[in-house]
Amino acid sequence: MKLLVAVKRVVDYNVKVRVKSDKTGVETAGVKMSMNPFDEIAVEEAVRLKEKGVASEIVAVSIGVSQAQETIRTALAMGADRGVLVETDVAVEPLAVAKVLKALAEKEGAQIVVLGKQAIDDDMNATGQMLAALLGWPQGTFASKVEIADGTATVTREIDGGLETVALALPAVITADLRLNEPRYASLPNIMKARKKSIDMLKPEDLGVDVTPRLTTLSVSEPPVRKAGIKVPDVATLIEKLRNEAKVI
Amino acid sequence: MQTYTAPLRDMRFVLHELHGATADNAEFPPELLDSILEEAAKFCTEVLLPLNASGDEEGCHFENGVVRTPAGFKDAYKAFSEAGWGALNADPQYGGQGLPESVAKLVEEMICACNLSFGLYPGLSHGAYLALKSHGAEALKDFYLPKLVSGEWAGTMCLTEPHCGTDLGMLRTKAVPQEDGSYKLTGSKIFISAGEHDFTDNIVHLVLARLPDAPPGIKGISLFLVPKFLPDAEGKPGARNGVSCAAIEHKMGIKASATCQMNFDDATGWLVGTPHKGMQAMFVMMNSERLSVGTQGLGLGEAAYQGAVAYARERVQGRSLAGAKAQDKPADPIIVHPDVRRMLLTMRAYNEGCRAMGVWVAQALDAAERGDEAAADFVALMTPIVKALFTDLGFESTNLGVQCYGGHGYIRDHGMEQFVRDARIAMIYEGTNGIQALDLIGRKLPANFGRSLRRFFHPVAEFIEAHQADARIGKLVQGFARAFGALQLATSFVAEKGMTDPEEAGAAATDYLRLFGLVAMGFMWVRMALIAAEKAPQGGPDAEFYTAKLNTARFYVERILPQAGALLFTIKAGKAPLMDMAEAAF
Ligand SMILES: Cc1cc2nc3c(=O)[nH]c(=O)nc-3n(C[C@H](O)[C@H](O)[C@H](O)COP(=O)(O)OP(=O)(O)OC[C@H]3O[C@@H](n4cnc5c(N)ncnc54)[C@H](O)[C@@H]3O)c2cc1C
Ligand SMILES: Cc1cc2nc3c(=O)[nH]c(=O)nc-3n(C[C@H](O)[C@H](O)[C@H](O)COP(=O)(O)OP(=O)(O)OC[C@H]3O[C@@H](n4cnc5c(N)ncnc54)[C@H](O)[C@@H]3O)c2cc1C
């Protein structure tokens with residue numbers, strides 16, 4: 001069974017992001033970039049499925065700039081077998097990514113596409129869902145546990161207030177939540193081997209996908225600075241303020 | 001809380017931009033080396049760093065001859081070995097990755113910055129690996145090396161005895177030949193790092209001892225391999241050998257590293273190399289090991305620097321002498337004060353200078369391994385300098401790190417004082433820094449009639465000649481040239497005086513090493529400045545990096561390097577001020 005796993009190159013989670021002075025987005029020049037942490041979890045899950053003998057091949061896919069090859073290399077070092085970079089300088093949106101992934105899933109004959117539940121740069125949380133809809137496949141989003149047997153993926157989902165378990169008939173789309181697993185550290189031999197694994201270079205046009213953005217960003221700004229708190233003399237004042245100023249009770 | 005971000009940008013600068021054009025590159029493309037550094041950084045900061053303060057607080061436990069490392073260390077070691085970090089620069093024939101020494105040293109820097117105590121365990125294994133690899137019989141190598149490389153078994157270096165540390169010629173541990181070709185070793189060793197621990201199923205001790213027919217002194221010492229458990233027929237740890245840990249030391253720093261008193265009672269061992277030539281076997285591994293110990297100083301210096309910068313941005317105290325900067329705060333962040341900047345820049349200039357020098361020497365170490373004779377000369381010359389200079393400066397940096405924190409550096413909470421305690425040992429073991437200086441002045445300078453020295457001096461002189469009139473860095477090069485002049489004068493003074501009176505050489509040694517080290521580092525700084533001067537004006541995301549590089553180069557040349565002049569005066573004062581004092585007067 002072939003698995004497709006999607007990996008996005010994003011600003012590293014340790015970086016304190018700064019808004020560009022012209023407010024068109026956040027500063028990425030000279031900023032450390034790495035694999036979206038949820039995608040790392042997706043890769044880890046795919047590798048575990050391969051280690052369990054469920055998957056036979058893992059293809060790591062990224063859609064983005066040429067440097068996203070490094071993100072694919074990270075996935076290869078973790079255990080993916082080969083990579084595909086769909087290269088574009090366009091800041092791709094979920095729908096475009098979903099279309100590219102659909103084309104690739106069909107081209108590769110993948111049985112499962114694993115993605116992170118969202119990317120930490122735009123927090124869209126949409127690509128997996130759109131992909132499932134476009135493919136007409138069932139989806140198990142926010143997965144915290146995945147089991148595959150007899151053509152069925154049993155996915156435990158993290159939902160408000162608890163866990164939900166769904167059974168999906170393969171082929172299916174799965175998106176990884178934080179607690180699905182703890183991604184491994186790439187071992188040195190695997191980092192070295194990753195260099196020798198192949199990365200296919202494609203363009204969106206090769207897959208017949210138009211990635212032109214459909215959204216227009218009006219402005220990006222820093223969140224308002226939190227104001228200092230105040231001390232209240234007694235509980236009565238607190239309740240009064242919660243009721244009349246904050247209007248939460 | 002200690003924080004650390006691996007200085008990957010600077011590491012890439014040193015590896016690719018400053019020292020890029022070497023044979024390493026063909027075999028290992030820069031992107032591969034970068035991804036290795038990146039993954040190592042991740043491992044070190046996520047796995048080793050969180051155990052640094054807790055390991056220091058808890059220390060190692062000793063009970064009935066058994067050593068238990070602090071909580072988390074054993075698991076970290078398992079993860080470290082599984083990820084293959086111990087095999088980085090080992091020979092592929094024995095399961096290593098054969099990566100360049102330069103990359104190994106950069107990874108070691110990160111390990112030491114995050115957790116020096118931890119790093120000592122695999123470090124000692126690598127030392128044992130090197131000694132065995134260069135001198136062991138094939139059968140010993142084929143059996144033990146793969147286990148040391150994979151980290152399945154650990155290694156130690158057992159040199160020191162209670163009555164002898166520096167002067168190993170006095171050592172007493174005895175080795176008696178047996179009929180089956182093995183030896184029985186008896187004696188006591190002290191201060192043995194990683195002599196006993198709970199990381200591995202077996203520990204391979206490399207032990208210096210004396211054969212019954214040994215000539216007295218340093219020429220009568222042989223090297224032996226003594227496993228904790230004798231391997232059984234399948235190669236698994238079998239019967240317990242006659243080697244045991246009697247106690248562990250309570251000490252100033254590196255508390256999570258077990259420093260063991262080891263007893264050998266008729267312990268079975270095998271000869272490594274030729275009888276009575278044990279010290280030669282030691283010297284083969286020493287270049288690499290001393291470079292590693294130097295790297296410990298650098299790692300801790302970097303950790304201290306990062307801690308200090310973070311605090312200096314955040315701690316508000318006093319107003320800027322140029323008028324208040326942070327109007328919205330009751331005082332300005334201390335990073336505005338000239339004196340705090342002096343401390344931060346000193347640390348930074350030392351760290352980046354050491355990093356540049358370390359990779360320089362590490363690359364030569366690889367070239368020497370490939371048979372390049374000039375590189376071998378260079379490594380021999382630079383080894384004592386790297387070991388002593390890096391550890392002295394590393395200690396200085398950790399000390400400045402505490403100072404930047406004021407009273408908050410002295411108390412435990414921020415982890416700054418741990419760096420000082422941990423850094424202190426590196427000036428002592430693997431040959432005290434005083435002994436490094438004697439090695440430089442007594443052995444390395446006169447070696448091959450000064451050939452090594454000329455091989456260092458000529459490229460420096462050429463660089464000065466070529467760039468002293470450069471519009472961008474000419475002024476820096478001229479400052480550097482003055483320091484180089486001081487080194488040349490000091491060298492002829494030492495050569496002349498030391499030739500007739502060894503005590504004169506001994507009196508000059510430590511100051512001469514510092515002078516040499518500062519000039520060698522100065523050479524790195526002017527070369528780095530040249531690159532930065534070219535690239536800074538190109539703009540782009542890296543412009544800030546290159547501008548800072550230039551500023552730091554300037555700080556180094558203008559505010560550190562003038563020490564060269566003072567060192568020259570000190571050296572020229574000769575031995576009299578030291579030796580004229582009557583011993584009884586102390
Ligand atoms: C934490 C720790 C870990 C260690 N790990 C190991 C290990 O794994 N294996 C191992 O074998 N050893 C180890 N050692 C021992 C270490 O290498 C020695 O302590 C070191 O070599 C110095 O020897 P010494 O302590 O006997 O000091 P001494 O040799 O007594 O020196 C005392 C002072 O005299 C100076 N001195 C001595 N001789 C001369 C001379 N001829 N000229 C000028 N000055 C001189 C020295 O520079 C030093 O300042 C370790 C020590 C410590 C503290
Ligand atoms: C063990 C111990 C015992 C102590 N005992 C006492 C005691 O009995 N009573 C008591 O009152 N206090 C005591 N102290 C506090 C001690 O006096 C302070 O820690 C010390 O004055 C430094 O202040 P700070 O720690 O706030 O550092 P900071 O003032 O924050 O200084 C941090 C760094 O910034 C530098 N700096 C700050 N301002 C400037 C400036 N304007 N220009 C240039 N550099 C600047 C400092 O030199 C230092 O390097 C003690 C502290 C310790 C650790």
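1. A residue is buried if 20 or more other C-beta atoms lie within 10 Å of its own, and exposed if 12 or fewer do. The model under discussion is predicted. A:G116 has 28 other C-beta atoms within 10 Å and is therefore buried. This glycine is found in strand β6 of chain A, which covers residues 112–116.

2. Which residues does A:G116 touch, leaving aside those up to four places away in sequence? They are A:N36, A:F38, A:D39, A:I41, A:A42, A:T175 and A:A176. One of these, A:D39, is 77 residues from A:G116 along the chain, yet the two C-alpha atoms are separated by 4.4 Å.

3. On confidence, the predictor assigns the complex an ipTM of 0.87 and a pTM of 0.93. For chain B the average pLDDT is 96, and 99% of the residues score at least 70.

4. Chain A contains 6 helices and 11 strands. Taken along the principal axes, its C-alpha atoms fill a box of roughly 65 × 45 × 40 Å. Of the 249 residues in chain A, 39% count as buried. Among contacts in chain A between residues at least 6 apart in sequence, 69% join residues at least 24 apart.

5. Strand pairing in chain A deserves attention. Strand β4 (residues 57–64) and strand β5 (residues 82–87) of chain A pair in the parallel sense over 6 bridges. Within this pairing, A:G64 has A:E87 of β5(A) as its bridge partner. Together with α2(A), the strands β4(A) and β5(A) make a right-handed β-α-β unit. β5(A) also runs parallel to strand β11 (residues 199–202) of chain A, to which 4 bridges join it. There, A:V86 is bridged to A:L202 of β11(A).

6. Most residues other than glycine have a negative phi, and most peptide bonds are trans. The bond from A:L170 to A:P171, by contrast, is cis, with omega near 0°. A:P171 lies in the loop between β9 (162–169) and β10 (172–176) of chain A.

7. Two residues of chain B call for a check of their backbone angles. B:N64 is not a glycine, and its phi is positive, near 45°. B:N64 sits in the loop between β1 (61–63) and β2 (66–68) of chain B. B:A194, likewise not a glycine, has a positive phi of about 60°. The loop that holds B:A194 lies between β5 and β6 (203–209) of chain B.

8. Are B:N64 and B:A194 buried or exposed? B:N64 has 5 other C-beta atoms within 10 Å, so it is exposed. B:A194 has 27 C-beta neighbours inside 10 Å and therefore counts as buried.

9. The contact between the chains takes 12 residues from chain A and 16 residues from chain B. On the side of chain A that touches chain B, α2 (68–78) and α5 (188–194) of chain A each supply at least two residues. The largest share of that side, 4 residues, comes from α5(A). By class, the side of chain A that touches chain B has 8 nonpolar, 2 polar and 2 charged residues.

10. What surrounds ligand 2? The shell has 14 residues, and the closest are B:Q317, B:G318, B:H337, B:G406 and B:G407. At least two residues each come from α9 (338–369), α10 (373–404) and α11 (407–410) of chain B. The most is given by α11(B), with 3 residues. By class, the shell around ligand 2 has 5 nonpolar, 7 polar and 2 charged residues.

Technical notes:
Residues numbered from 1 in each chain as written. Chains lettered and ligands numbered in written order. Predicted model: local features only at pLDDT ≥ 70, side-chain atom pairs only at ≥ 80, totals over all residues. Contact = placed C-beta atoms within 7 Å. Nonpolar A, V, L, I, M, F, W, Y, C, P; charged D, E, K, R; others polar. pLDDT = per-residue confidence, 0-100. Near = placed C-beta within 6 Å. Pairing = 2+ DSSP bridges. Right-handed = clockwise from strand over helix to strand, strands pointing away.
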